[in-house]
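Visitor: I have just started learning about protein models. Could you walk me through this one?

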Amino acid sequence: MEPWNSTLGSGFILVGILDGSGSPELLCATMAALYMLALISNGLLILVITMDVYLHVPMYLLLGQLSLMDLLLTSVISPKAVMDFLLRDNTITFGGCALQMFLELALGSAEDLLLAFMAYDRYVAICHPLNYTIFMRPSICWLMVAISWIPASLSALGYTIYTMQYPFCKSREIRHLFCEIPPLLKLACADTSRYELMVYLMGVTLLIPPLAAILASYSLILFTVLNMPSNEGRKKALVTCSSHLTVVGMYYGPLTVMYILPSSYHSSKQENILSFLYTIVTPALNPLIYSLRNKEVSGALKRVLGKRLLPTHPTF
């Protein structure tokens, strides 16, 4: 095939999960509902963590950053997918595709790193409680936040620029929910084998070390918790850690399949489903997982909303 003109004026056609579904209307409604749930739940969690002074501690600072990343990530994907389906227009400009890819890579990579820092926070809180204020002082917390955002954004920028410089063939159809590296490379006319190896190494670098740190942290936590004399302390620690591990499993599972397993092990349809899970389902469920079983968040939510809803009486 001859390469088509992949300039800023050119575009692609996104043929995603809605187009290949047997019930696209139902799936579109589900996607819209999950997006609204993510918008409201993450927005509320960010509001509560910001407004309630009792939540101004390292664990909730990191949780607030996670909610912000989830809110932005699903906003990059869901509204366009829903509007494309409703308007019957699946096109995306070359620049729009590059921007979507950059934001998805930056936010996804930042969340990978942040989840590892959240596991470290729980490790210090449970295994070294007397040194918690030293190891998790504000300067360290903000350094963790910066390390999550800055390297992820720089890496995403480099990979986006390199991916979009390829000449693409006449077929403009990206068989994916959004612009992501693996499906886009299938349209390239040039040899992408070396670059695919680079993408694989990126996946290994960004996923395996944080995941190893998370598993090590929670292994040490489990050992400490099982030796706790207090049943109440043991239960509280297990509830908090089980919430974290649920989020880790929901997020790292699909990403590991997408970026670490060879492409021959999964089809375009499976890639669509995996992307749907970590960009739409997970951001909607994360705040529920953290808040429903967390009395501190539930109490803070009541305090913040109670202040907003209380009537103001005139003073005489």
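Guide: Here are some questions and answers about this structure. It is a predicted model, so local features need pLDDT of at least 70 and side-chain atom pairs count only at pLDDT 80 or more, while totals for chains, interfaces and linings use all residues. Residues are numbered from 1 along each chain as its sequence is written, and side-chain values use heavy atoms, with hydrogens and water left out.

Visitor: Which element of the protein chain has the highest mean pLDDT?

Guide: pLDDT is the predictor's confidence in each residue, from 0 to 100. The protein chain averages 84, and 90% of the residues score at least 70. Helices (H or I, at least four residues) and strands (E, at least two) are DSSP runs, numbered from the N terminus. Strand β1 (residues 3-4) has the lowest mean, 50, and the highest, 94, belongs to helix α5 (residues 138-164).

Visitor: Over which residues does pLDDT stay under 50?

Guide: A contact means heavy atoms within 4.5 Å. The model has zero contacts beyond four places in sequence for the stretch you ask about, which is residues 312-316.

Visitor: Which cysteines does the disulfide join?

Guide: A disulfide is a pair of cysteine sulfur atoms within 2.5 Å. The structure holds one, with an S to S distance of 2.1 Å. The link is left-handed, with -120 degrees about the S-S bond. The two partners are Cys97 and Cys179.

Visitor: How many residues apart in sequence are the parts that Cys97 and Cys179 tie together?

Guide: Cys97 lies in helix α3 (residues 94-127). Cys179 is in the loop between β5 (173-174) and α6 (181-185), so the pair ties together parts whose separation in sequence is 82 residues.

Visitor: Is Asp52 buried or exposed?

Guide: Asp52 sits in the loop between α1 (24-51) and α2 (58-87). Leaving aside neighbours within four places in sequence, Asp52 is in contact with Ala300, Arg303 and Val304. Its relative accessible area is 5%, so Asp52 is buried.

Visitor: How far apart are the end C-alpha atoms of residues 32-50?

Guide: An unreviewed UniProt entry places the feature "transmembrane region" at several spans, including residues 32-50. UniProt positions are given in the numbering used here, feature names are shortened, and annotations may be inferred rather than shown by experiment. In the model, residues 32-50 are 100% helix and 0% strand, and the end C-alpha atoms lie apart by 27 Å.

Technical notes: Buried means under 20% relative accessible area, exposed over 50%, partly exposed in between (1.4 Å probe, protein chains only).
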